[in-house]
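Welcome! Let us take a friendly walk through this structure, one question at a time. Please keep the sequence and the 3D view at hand.

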Amino acid sequence: MGVKCCAFLAIVFILLLLGSMWLHGNLADHWNTCPKAYSIKNKILSFIRVNRSDDEVALLRVCPGQRFQVADLLAHLQAAPVSANDVLLKPYLASWDELIKFLEALGPMVGLISQEIESKTAIIRDLAQKAEKEPKKKMKERKRMQQQSDPVLMISLNSSSDYSEMNHSPSFGYTSVRSMIKWELENGLVDFHKHTNSGCRTLLRLHRALLWLQNFLLELGKDTTEGEHLRSPSDLCKETYQRTLAHHHTWWVRKAAELAFLAMPERPYFYQLVCVETQAEAAVVLNRIVRSIEEVYKRNEVALQEHSMLDLP
């Protein structure tokens with residue numbers, strides 16, 4: 001076995017070992033002898049705003065033969081904001097489903113990152129299912145006890161709208177980001193001092209990763225003036241990672257991520273992913289995506305900040 005082959009296998013092993021720590025930012029818990037290079041407390045990274053002069057009404061193309069569809073991603077992102085300051089969880093997680101497909105399309109190295117993100121969306125969905133089942137059990141038990149004590153009252157309970165209101169109210173359970181925060185705080189599911197698999201903590205990890213992807217897609221979508229050279233996606237991904245998500249990772253995880261970015265394809269492949277042929281067309285499509293991410297990100301940032309959840313362990 002040649003030196004290059006051995007080196008490649010070693011890199012793959014390291015990535016597999018460290019990949020599960022991608023969004024956790026807690027590799028030091030496993031290797032306590034490895035000091036963190038630095039840590040940032042109570043630092044809110046500014047969200048990049050995009051020029052809104054692009055065409056807002058042009059339809060996005062559907063790309064036959066590929067799993068990732070930029071039109072689906074945009075539709076989910078635009079469906080997520082609700083009321084004046086909230087985000088619906090179902091379209092938010094569906095947006096991540098599309099972003100996962102996007103990352104998986106970039107190759108097996110970058111795909112390791114998508115696996116960890118997918119585990120985070122699964123945690124929130126599982127919590128939502130459990131929260132939905134618990135009130136149903138309580139309601140059935142309540143009706144059973146009422147029927148035993150007063151059968152006449154049971155008729156009134158059956159016609160009551162309590163359950164309907166509970167199931168559809170935006171303040172219940174895991175309907176939206178703010179309802180999830182309220183639910184978990186009221187039920188003691190959030191710990192501000194140690195690691196728990198709460199929906200709020202999991203959302204924070206996704207929130208940080210979304211900032212990185214927003215920055216990357218923004219840089220990737222920047223057009224150039226005549227004569228300027230377009231930078232490689234690998235370099236852009238590495239730089240945007242370093243100024244966003246890397247702040248929450250240890251040295252080991254940062255190096256593993258940077259190795260994965262080296263395997264990122266060149267620009268023509270990204271054109272194919274979003275169904276365009278030129279950088280100018282890509283700029284229009286990607287800026288629309290970035291603006292939609294911006295709206296979702298801002299709302300979640302405010303909700304988490306209001307409840308002092310931007311540094312959950």
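Predicted model: local features only at pLDDT ≥ 70, side-chain atom pairs only at ≥ 80, totals over all residues.

Q: Among the elements of the protein, which has the highest mean pLDDT?
A: For the protein, the mean pLDDT is 77, and 67% of the residues reach 70 or more. Helices (H or I, at least four residues) and strands (E, at least two) are DSSP runs, numbered from the N terminus. Among these elements, helix α6 (residues 162–168) has the lowest mean, 39. The highest mean, 97, belongs to strand β2 (residues 86–87).

Q: Beyond near neighbours in sequence, how many contacts does the stretch of residues 26–57 have in the model?
A: The pLDDT over residues 26–57 is below 50. A contact means heavy atoms within 4.5 Å. Beyond near neighbours in sequence, the number of contacts for this stretch is 62.

Q: How far apart are the end C-alpha atoms of helix α3 (residues 89–104)?
A: Helix α3 is mostly covered, with 12 of its 16 residues buried; among them are Trp96, Glu98 and Phe102. The expected span of a helix is 1.5 Å times one less than its number of residues. For the 16 residues of α3 this gives 22 Å, which agrees with the separation of its end C-alpha atoms, 22 Å.

Q: What kind of pair do the rings of Phe216 and Phe270 form?
A: The whole structure holds six aromatic pairs. Rings of Phe, Tyr and Trp (its six-membered ring) pair if their centres lie within 6.5 Å; planes under 30 degrees apart count as stacked, over 60 as edge-to-face and the rest as tilted. The centres of the Phe216 and Phe270 rings are 6.0 Å apart and their planes are at 70°, so this pair is edge-to-face.

Q: How many residues apart in sequence are the parts that the pair of Phe216 and Phe270 ties together?
A: Phe216 belongs to helix α8 (residues 199–220) and Phe270 to helix α11 (residues 267–273).

Q: What is the angle between the planes of Trp251 and Trp252?
A: Trp251 and Trp252 form an aromatic pair that is edge-to-face, at 5.3 Å centre to centre. Like Trp252, Trp251 counts as partly exposed, here at 41% relative accessibility. The angle between their planes is 85°.

Q: In which helix do Glu258 and Lys255 both lie?
A: A salt bridge is a side-chain nitrogen of Lys or Arg within 4 Å of a carboxyl oxygen of Asp or Glu, and the whole structure has 14 of them. In one of these, the closest N and O atoms of Glu258 and Lys255 are 3.6 Å apart. Glu258 is buried at 13%, whereas Lys255 is partly exposed at 36%. Three residues apart, about one turn of the helix, they both lie in α10.

Q: Which residue forms a salt bridge with Lys222?
A: Lys222 is partly exposed at 42% relative accessibility. Its closest N atom is 3.2 Å from an O atom of the partner. That partner is buried, with a relative accessible area of 17%, and it is Glu219.

Q: How many residues apart in sequence are the parts that Cys63 and Cys275 tie together?
A: The search finds one disulfide, meaning a pair of cysteine sulfur atoms within 2.5 Å. Here Cys63 and Cys275 have their sulfur atoms 1.1 Å apart. Cys63 lies in the loop between α1 (3–19) and α2 (70–79) and Cys275 in the loop between α11 and α12 (279–306), so the separation in residues is 212.

Technical notes: Residues numbered from 1 in each chain as written. Heavy atoms only, no water. Buried < 20%, exposed > 50% of the residue type's maximum accessible area, 1.4 Å probe, protein only. pLDDT = per-residue confidence, 0-100.
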